Amino acid sequence: MIRIEDLYRYPIKGFPAEVMKYVELTVGEGIPGDRAIALGTGMLEVPPDGDWTACQAFQRMSIRPDLTVFQLETSEQGATLANPQGQTEIINRDSTVLTELSKSFEHAVKVYRRNEGFGYWDHEDAALSIINLATLEEIAQTLGAPVDPLRFRANIYVRADPWVEFQWLGRTLEIGDAKLDVIRPTDRCNTTSVNVTTGKSDINMPAALQRYFGHMYCGVYASVRKGGQLYRGAEVTVSSNTEIKSVQNASGITTAPKLASWPRPASICDVQHETHDTRSFWMEDRLGALDASQIAKPGQYIRLHDLAGGKTWRCYTVSAIRDRQLRITVKRDAGLGSQAVHRLRAGDVVTISGPFGEATLRNECTAFHFVSAGIGITPSIAKLKALAAKRDNRPIVVTHVAQGKNDLALWGDVTQAAGKLPNVDLRLHLTQEANLPKGAVPGRPDAKALVADAKAELADLHICGPSGFVEQLARAIEGVDFPQENVFIDRFSSPSITMQMRDIAPSPPINVTLQRSKISAEWRPEDGTLLEFIENLGVVTPSHCRAGICKSCQCHIASGAAQRLTGSPGEDTQRTLICSSVPSEALVLDI
């Protein structure tokens, strides 16, 4: 049974919560008084009529972690705010600017009020935020550290099975007379990294979520379809029907992450046995199909989450698409992920996200060489099918390595696609097969020869397979100075996530130019990341996690270089994530 455990509102955006015993909800609105007031930063114009405004316009914990150690009380006189030094100020309907507390923010701070019944929510439609306490307990257990639920600043805290809340997308929560439509998973930024007791960041929560669970989401947003009273202890019933329209509307909100990144439910439609240890799984992704621009491109992959008890996630290439269904093909090995996937049956519901990946087909290339081993054949199949659908006449070479005939999962798909291509060469290598089928050759191919052939033909080289196989080819590529823009590698591995950013090194001032905004200014180390620097210049640009994870802030570098603060050390000269990089020389950004 699902019950409401706690209710909160946040009278001033970014500041501490207020416990609620019960709340009255109205259709289309949020909890009365929630985020009704916000304090400006001066970085962005705020409409005077109370319309919704992006969070960059306001004081918030992502730039001021210490806001959580302010004290806040509400009464008929207004909201009394006290800074850590004990200075107080009452903010009421007549307040237009802070007076007593302005020194806490080093400049005059304007007071803004949202339209009655609405709040300065994270997104314009994010009226209510819901957190599952069991999910937080699993996160805490995984991190080996306590996680205060108030890090996540939700309105409604419930208890259900861990991570089941992503299965509620598109469904209705019935709580007494009230009905809430669950519209979107909640994307997490570095606000959740802040310890609410100390006001200091002590866990890179977006990175932790990505590393251990494969996404940067925790909780869901909901809108009020039917008004009613919520109270602590109220029973929550989840409808069995999925209402597509509410999610479709939510997917069009430009301030929120794209639907492809959402963890969402998908239904297993069919399971096909390809070999003794390889199966294909067809699944229907009803919500993902709402955004046609997010349909998987050949070579892209999805993530399966919540495998093997919830703490395992894996990436699998989309090997085929039909109507609203997609297929993954998985070889069972000793790993928890593949064993969990092989236990799936038709009718099961899984949590997926994606598609992801940039190892897709380029229109500009003159030829394609696909090299794979084992189950690494899956991206080659997807790409061959796409080329066959267009009757592409460019030269195509397919080289595949397997142990024997019984391990040739999906080779029939390869030959079928090849039959529709006018200029294709199939090369099958079987390493442990005594009776070779027609056209197959024994042993492994020569990595240097494969790379040399692709380079001679100026081909795009696509590689996928076990790590040892891929690394051998990668070394061969380095030895012949193969153009990097022509190499697409899938290493069969989940991304390694850095939990903390590296420190910003001392540096003299560096000039940074925002090309489209026509702004040029000097950056200094104390200005922080490029994103922080840009926002302080009054420019708003897309960003979500602010931790180097989601890539929503990625931008093109017109000239110069940026130093990465997460991932492998080094410089970016073409594109950079401005939330986790700093200039290393004079820099021009396409912003």
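Author: Two strands pair if DSSP finds at least two bridges between them, where a strand is a DSSP run of E with at least two residues and a helix a run of H or I with at least four, both numbered from the N terminus. This is a predicted model, in which local features need pLDDT of at least 70 and side-chain atom pairs pLDDT 80 or more, while totals for chains, interfaces and linings use all residues. Residues are numbered from 1 along each chain as its sequence is written, and side-chain values use heavy atoms, without hydrogens and water.

Reader: Why is the aromatic pair of tryptophan 163 and phenylalanine 213 called tilted?

Author: The ring centres of tryptophan 163 and phenylalanine 213 are 4.8 Å apart, with 50 degrees between the planes. Rings of Phe, Tyr and Trp (its six-membered ring) pair if their centres lie within 6.5 Å, with planes under 30 degrees apart counted as stacked, over 60 as edge-to-face and the rest as tilted, so this pair is tilted. Tryptophan 163 lies in the loop between β10 (156–159) and β11 (172–175) and phenylalanine 213 in helix α2 (residues 205–213), so the pair ties together parts that are 50 residues apart in sequence. Both tryptophan 163 and phenylalanine 213 are buried (under 20% relative accessible area, with exposed over 50% and partly exposed in between, for a 1.4 Å probe and protein chains only).

Reader: Which residues line the second largest cavity?

Author: Its lining consists of Arg444, Pro445, Ala447, Leu450, Phe469, Gln472 and Leu473, because lining residues have an atom within 4 Å of a point of the cavity, a set of points on a 1 Å grid where a 1.4 Å probe fits but cannot get out. About 60 Å³ of space lies in this second largest cavity, and α8 gives the most to its lining, with three residues.

Definitions and conventions:
1 Å grid on protein atoms, 1.4 Å probe; cavity = no way out; pocket = protein on both sides within 12 Å on 5 of 7 lines; lining within 4 Å. Points joined across faces, edges and corners; volume = space filled by probe spheres on them.
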